[in-house]
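Welcome, and thanks for taking a look at this one with me.

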Amino acid sequence: MERCAGHSENEIDSLVALVNQTRDNIPGSFFPRSLNHSLQLPEGYEKLGGGKDRIAIGLCQEHVLKVEPFPAHSNEGEVFIWQNASDKLREKLCPVVDYQIDEKTSWLIMQRCNKKKLVPCKVEEEMRKVIPWSSDFHHNNIGNLNDRWVALDYGGNDDEERNRAVSFLATQSKGFALDF
């Protein structure tokens, strides 16, 4: 398997435009789950899943594109947390490689993790302590990256969760980091 040489701005912009075009053709009340079902990607890309606010697209064997086709702030939260996390916390987070946040659409690129490994219950319990601000943290939000377990979805679902994340990061910077 060839190593990824990166992704062009044109490639990312085309995929984001495709997500937005698909979004615009879905009646509002059917949006979240319908986007994942309705989106038809070009050959070579893989729909990895979607949640309430965004969709994850496999770009290659090394990277995932998360597109948020309206300003729900999950991507913004992940970027903020990644940029402000301590080194110890970063060991437990899937790295954000690139991103663009604007008023219409946001996207980020993360490392692609192995999701085929079964997440042990003990790991899930430990990861809940790592991401204490999230009410939606479960085994599907954990992946294996280079033989270590990392959180894949840690941006928070709403302003309250993002505020808890900011508070958590502030305590870490004062030396009160969780011991895991």
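1. Is Glu46 buried, partly exposed or exposed? Glu46 counts as partly exposed, since its relative accessibility is 39%. Here buried means under 20% relative accessible area, exposed means over 50%, and partly exposed is in between, with a 1.4 Å probe and protein chains only.

2. A word on the ground rules. This is a predicted model, in which local features need pLDDT of at least 70 and side-chain atom pairs count only at pLDDT 80 or more, while totals for chains, interfaces and linings use all residues. Residues are numbered from 1 along each chain as its sequence is written, and side-chain values use heavy atoms, with hydrogens and water left out.

3. Now the overall layout. The chain has 6 helices and 7 strands; helices (H or I, at least four residues) and strands (E, at least two) are DSSP runs, numbered from the N terminus. Of the 180 residues in the chain, 43% are buried.

4. Which residues of helix 1 are buried? They are Glu11, Ile12, Leu15, Val16, Val19, Asn20 and Thr22. An α-helix has 3.6 residues a turn, so residues three or four places apart point the same way. Looking down the axis of helix 1, you will find its buried residues within an arc of 165°, so they line one face of the helix; the arc is that of the directions from the helix axis to the C-beta atoms. The face turned away from this buried side carries the exposed residues Glu9, Asn10, Gln21 and Asp24.

5. Next, the largest pocket. Rolling a probe the size of a water molecule over the atoms shows where empty space is left. On a 1 Å grid over the protein atoms alone, probed at 1.4 Å, a pocket is an open set of points with protein on both sides within 12 Å along at least five of seven lines, and lining residues have an atom within 4 Å of a point. The largest pocket has a volume of about 820 Å³, a volume being the space filled by probe spheres set on the points, which are joined across faces, edges and corners.

6. What surrounds that pocket? Its lining has 31 residues, and Leu48, Ala56, Lys115, Asn140 and Leu152 lie nearest the centre. Strand 1 (46–50), strand 2 (55–58), strand 3 (63–68) and strand 5 (106–111) are the elements that give two or more residues to this lining. Strand 1 gives the most, with 4 residues. By type, the lining divides into 8 nonpolar, 12 polar and 11 charged residues; Ala, Val, Leu, Ile, Met, Phe, Trp, Tyr, Cys and Pro count as nonpolar, Asp, Glu, Lys and Arg as charged, and the others, Gly among them, as polar.

7. Back to Glu46, which forms a salt bridge with Arg112, their closest N and O atoms being 2.6 Å apart. A salt bridge is a side-chain nitrogen of Lys or Arg within 4 Å of a carboxyl oxygen of Asp or Glu, and the count by this rule is 9. Arg112 is buried, at a relative accessible area of 18%.

8. Glu78 and Lys66 also form a salt bridge, with 3.2 Å between the closest N and O atoms. Glu78 belongs to helix 3 (residues 74–84) and Lys66 to strand 3, 12 residues apart. Glu78 is buried, with a relative accessible area of 0%, and Lys66 is buried at 9%. A network of salt bridges links Arg54, Lys66, Glu78 and Asp153.

9. Finally, please look at the loop between strand 6 and strand 7, which holds Asn146 and Asp147. Asn146 has a positive phi near 55° without being a glycine, and Asp147 likewise has a positive phi, of about 65°. Asn146 is exposed, with a relative accessible area of 67%, and Asp147 is exposed at 67%. The side chain of Asp147 meets that of Lys117 in a salt bridge (3.3 Å, N to O).
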